[in-house]
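Hi,

Here is the structure I promised to pass on to you. Have a look at it first, and then read my notes below.

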Amino acid sequence: MAEEPVLHSRRTLTLRFNIPIGKTHEFWDALKQGRFVTTKCSTCGNVCFPPQADCPKCMGDKLEWVELGRDATLVTYTYVQITPASFADSDPYIIAIGELSNGIKVLAWLEGVQPDKARPGMKLRVDTRTSKEGSPYYVFVPV
């Protein structure tokens, strides 16, 4: 059997960026505390995720922080076998969309499930983590 041609790259891609979180720092602070929150518009009542600085529905700027809950149902997923450069140190992983009990859909990594065992409709829970750099983030885990 002939080997498939392979293109090798010897370049190393390093990304450095700062994400301004002045208007959404409550979200990151809550993750550090193990909570999962988002913004709710005080004018029209729209709850959206990820948290917003202004309401995308009515453009209001009066927002309050609300708990989202952690229970979700797997809507769909994909198994990423060839990781992008920014995740070069990561093993292959699953990216999932889960629907929370209030209908909001959330994108996150799915941990603790082999790709052949993941099924739409399976029950998940949002769990919080801290990266080795100290940044909070969230994942789905099976219930």
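Predicted model: local features only at pLDDT ≥ 70, side-chain atom pairs only at ≥ 80, totals over all residues.

**The core**

The largest nonpolar core has 23 residues, and those that touch the most other members are F36, F49, L100, V106, L110, Y138 and F140. Several elements contribute to this core: the helix α1 (25-32) and the strands β4 (71-80), β5 (93-100), β6 (105-110), β7 (123-130) and β8 (136-142) each supply at least two residues. As background, nonpolar side chains tend to be buried together in soluble globular proteins.

**F36 and L100**

You will find F36 in the loop between α1 and β1 (37-41), and it is buried, with a relative accessible area of 1%. Leaving aside neighbours within four places in sequence, F36 is in contact with F27 and L31, with F49, with the run V66, E67, L68, G69 and R70, and with L100, V106, V126 and Y138. By contrast, E4 sits 32 residues from F36 along the chain, and their C-alpha atoms are separated by 46 Å.

L100 is worth a click too. Not counting residues up to four places away in sequence, L100 touches F36, L68, G69, D71, A72, V106 and V126.

**The largest pocket**

How many residues line the largest pocket? The lining has 35 residues, and F87, S131, E133, S135 and Y137 lie nearest the centre of the pocket. Its volume is about 1500 Å³. By type, the lining divides into 20 nonpolar, seven polar and eight charged residues. α1, β6 and β8 each supply at least two residues of this lining.

**The cysteines**

How many disulfides does a search of the whole structure find? The search finds zero. C41 is in no disulfide, and the nearest cysteine sulfur, that of C58, is 3.6 Å away; the cut-off for a disulfide is a pair of cysteine sulfur atoms within 2.5 Å. C41 is also buried, at a relative accessible area of 2%.

Enjoy exploring!

Best wishes

Conventions: Residues numbered from 1 in each chain as written. Heavy atoms only, no water. Buried < 20%, exposed > 50% of the residue type's maximum accessible area, 1.4 Å probe, protein only. Core = buried A, V, L, I, M, F, W, Y, C linked by side-chain atoms within 4.5 Å. Helix = DSSP H or I, 4+ residues; strand = E, 2+ residues; numbered from the N terminus. Contact = heavy atoms within 4.5 Å. 1 Å grid on protein atoms, 1.4 Å probe; cavity = no way out; pocket = protein on both sides within 12 Å on 5 of 7 lines; lining within 4 Å. Points joined across faces, edges and corners; volume = space filled by probe spheres on them. Nonpolar A, V, L, I, M, F, W, Y, C, P; charged D, E, K, R; others polar.
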